[in-house]
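Please read it with the chains in view.

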Amino acid sequence: MSKLGSADNRLKVAIVGAGPSGFYAADALINSELKVEVNLLEKLCAPYGLVRTGVAPDHPLIKKSIEKFALMAEPEEFNYFGNVSVGEDITIDDLKETHHAVIVTMGAETDRKLGIPGEDLKGSHTATEFVAWYNGHPEYREREFDLSHETAVIIGQGNVAADVARILSKTVDELKFTDISQHALDVLETSKVKNIYIVGRRGPAQGAMTSKELKEFGELWDCDTFVDPEEVILNKASEDELADRNGRAKRKIYELFCDYAQPKKPHKARQFPWTKPYVKPRQCHIQFLRSPVELKGNKKLEKVIFEKNALSGDPFKQSARGTGELEELDAGLLFRSIGYRGVPLDGVPFHDAWGVIPNEKGRVTKDDVVVPQLYTAGWIKRGPSGIIGTNKACANETIAELMQDIEKLDDKKEKLGNKKIHEILDAKKVRYINFIEWEVIDKHEVENGKPKGKPREKFTYTDEMLGLLT
Amino acid sequence: MTTVVTDNCRGCRFTDCVSVCPVEAFHMDDEMLYINPAVCIDCSACVPECPVEAIYEEDDLPDGQEHWVDINEERSQETPNITETLEPLEGAEERREALGL
């Protein structure tokens with residue numbers, strides 16, 4: 001047999017998960033010096049992972065990155081298998097058998113839990129459920145969120161927390177021309193929520209959201225954002241953190257928190273009598289140094305009990321410890337957004353405490369020993385940090401390692417690659433879709449959005465999508 | 001709004017930013033990088049990557065740096081696209097130290 005990676009002995013790689021990391025890994029392989037065949041398998045019909053089902057609908061520019069991913073799907077080396085659940089429809093062992101390498105890029109699919117009493121009360125949700133629901137993810141289509149209480153609480157202060165708070169803060173008019181799913185818009189239209197608390201366990205110098213996300217809280221049509229001026233007073237260690245030469249981003253975030261702590265200037269009147277300043281009906285409160293310790297309620301959430309925290313330790317190593325001082329807040333809705341973790345996949349090692357696949361620069365390891373043929377990239381490789389482009393550098397690192405292993409990957413046996421995938425899926429009567437079929441669905445979504453002035457109206461049921469193809 | 005490469009890049013050209021750009025918006029001449037505002041999606045992934053803090057979101061630009069918005073727009077049209085991280089320019093480390101970064 002000729003050399004692995006030549007035209008008549010292509011390097012065959014299966015990639016599990018068609019989010020940004022999966023696409024970047026595919027692109028890096030196709031643009032390498034070797035001849036390859038890349039088979040990208042995705043659980044949903046729709047590709048693009050969190051760019052489609054995570055990125056907020058009111059951030060349309062970020063979604064433009066999809067255009068780049070669609071170009072990556074064009075080369076003949078690229079094959080797409082949508083609506084295929086790896087682990088059920090086809091196993092990791094099947095993929096290893098039929099490919100030289102398998103790259104797992106399945107992201108961090110679940111939320112970390114608070115681990116406090118009452119967490120499972122009705123009205124207590126994960127932020128990702130809500131995000132996936134308003135973004136039309138088919139697995140979350142039937143979730144119900146009761147927006148009839150005036151107060152909602154979001155635990156955590158990262159970008160996902162910010163997204164959830166912003167969607168709750170915005171009017172339907174601010175959202176109706178985005179690609180937010182219609183079923184979500186219909187529920188948001190009836191929302192009674194007018195007090196939104198975004199609560200973090202640490203202080204304003206440790207803010208985890210980007211300044212861009214934070215800035216948007218000053219631009220809401222019908223919601224004012226507040227920070228208690230007492231809460232932007234820093235301890236010495238936090239001042240040192242901000243003064244650090246790498247502290248530019250944190251300084252910017254802190255300045256914005258301080259802006260929100262300033263007294264509000266009256267808004268211009270919006271109606272007669274024109275002398276009466278407009279009072280925005282919704283309020284967003286960003287609060288620091290509090291951890292929820294209990295959720296209370298009779299069957300459904302009624303009250304959140306917080307413990308106030310104090311920071312201790314050296315700069316950059318400060319931890320938040322409970323002070324024993326408790327506070328109560330009446331609330332009917334709570335979203336936790338305190339971190340994400342991957343879910344294990346049969347046949348792939350998993351680090352349970354960290355919620356990632358153990359690896360060295362993308363080579364999957366088990367008990368610190370490299371597992372042949374298996375690689376990983378994206379959030380399931382390094383944990384849930386970074387944004388879309390971060391995954392490009394991450395996937396490139398993995399592919400560089402894979403290329404170094406090329407001799408080891410050549411077991412001199414013929415790998416059937418996509419032919420065998422078709423065979424296995426056909427035998428199991430799985431209705432999988434290729435990229436051309438996805439593009440048909442995509443066109444329908446765009447068409448369906450047009451009458452409403454939306455960039456697209458997503459299909460939220462898999463059967464609806466498949467129905468277009470038969 | 002866009003994201004802009006400014007003065008500090010000149011003579012350094014570390015190009016770390018390029019490795020995280022999801023849309024390949026960077027262009028390059030012999031001195032420095034530029035961002036094509038028509039391609040940039042404002043994700044800001046590049047901002048923290050720059051070892052010399054040369055990259056800013058447009059509305060965060062320090063006073064006196066606003067002219068870089070136009071320079072990025074113009075020069076990105078005239079210069080080649082760069083999609084992979086390169087070796088920094090000679091003297092980049094010295095310049096970084098001189099900048100106090």
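1. Two residues are in contact if their C-beta atoms, placed from the backbone, lie within 7 Å. By that rule, 18 residues of chain A are in contact with 15 residues of chain B. The residues on the chain A side divide into 6 nonpolar, 5 polar and 7 charged, where Ala, Val, Leu, Ile, Met, Phe, Trp, Tyr, Cys and Pro count as nonpolar, Asp, Glu, Lys and Arg as charged, and the others, Gly among them, as polar.

2. Before going further, please keep in mind that this is a predicted model, in which local features need pLDDT of at least 70 and side-chain atom pairs count only at pLDDT 80 or more, while totals for chains, interfaces and linings use all residues. Residues are numbered from 1 along each chain as its sequence is written, and chains are lettered from A and ligands numbered from 1 in the order in which they are written.

3. Axes are lines fitted to C-alpha atoms, for helices over the stretch in contact, and angles run from 0 to 180 degrees between N-to-C directions.

4. Chain A is divided into domain 1 (11–109 + 342–432) and domain 2 (112–340), with bounds that come from an automatic or database domain assignment. The centres of the two domains, taken over C-alpha atoms, are separated by 34 Å, and their contact takes 10 residues from domain 1 and 15 residues from domain 2. On the domain 1 side, there are 6 nonpolar, 2 polar and 2 charged residues.

5. Why is helix α6 (residues 127–134) of chain A described as largely enclosed by the rest of the structure? The reason is that 7 of its 8 residues are buried, a residue being buried if 20 or more other C-beta atoms lie within 10 Å of its own. W133(A) lies in this helix and counts as buried because it has 23 C-beta neighbours inside 10 Å. Leaving aside residues up to four places away in sequence, W133(A) touches Y140(A), R143(A) and A184(A). Just after α6(A), G136(A) takes a positive phi of about 75°.

6. Finally, α6(A) packs with helix α7 (residues 159–169) of chain A at an angle of about 55°, with their axes 10 Å apart, and these two helices are therefore oblique to each other. The contact is made by A127(A), F130(A), V131(A) and Y134(A) of α6(A) and by V160(A), A161(A), D163(A), V164(A) and I167(A) of α7(A), which divide into 8 nonpolar, no polar and 1 charged.

Definitions and conventions. A residue is buried if 20 or more other C-beta atoms lie within 10 Å of its own, exposed if 12 or fewer, and partly exposed in between; C-beta atoms are placed from the backbone. Helices (H or I, at least four residues) and strands (E, at least two) are DSSP runs, numbered from the N terminus. Angles under 35 degrees count as roughly parallel, over 145 as roughly antiparallel, 65 to 115 as roughly perpendicular and the rest as oblique.
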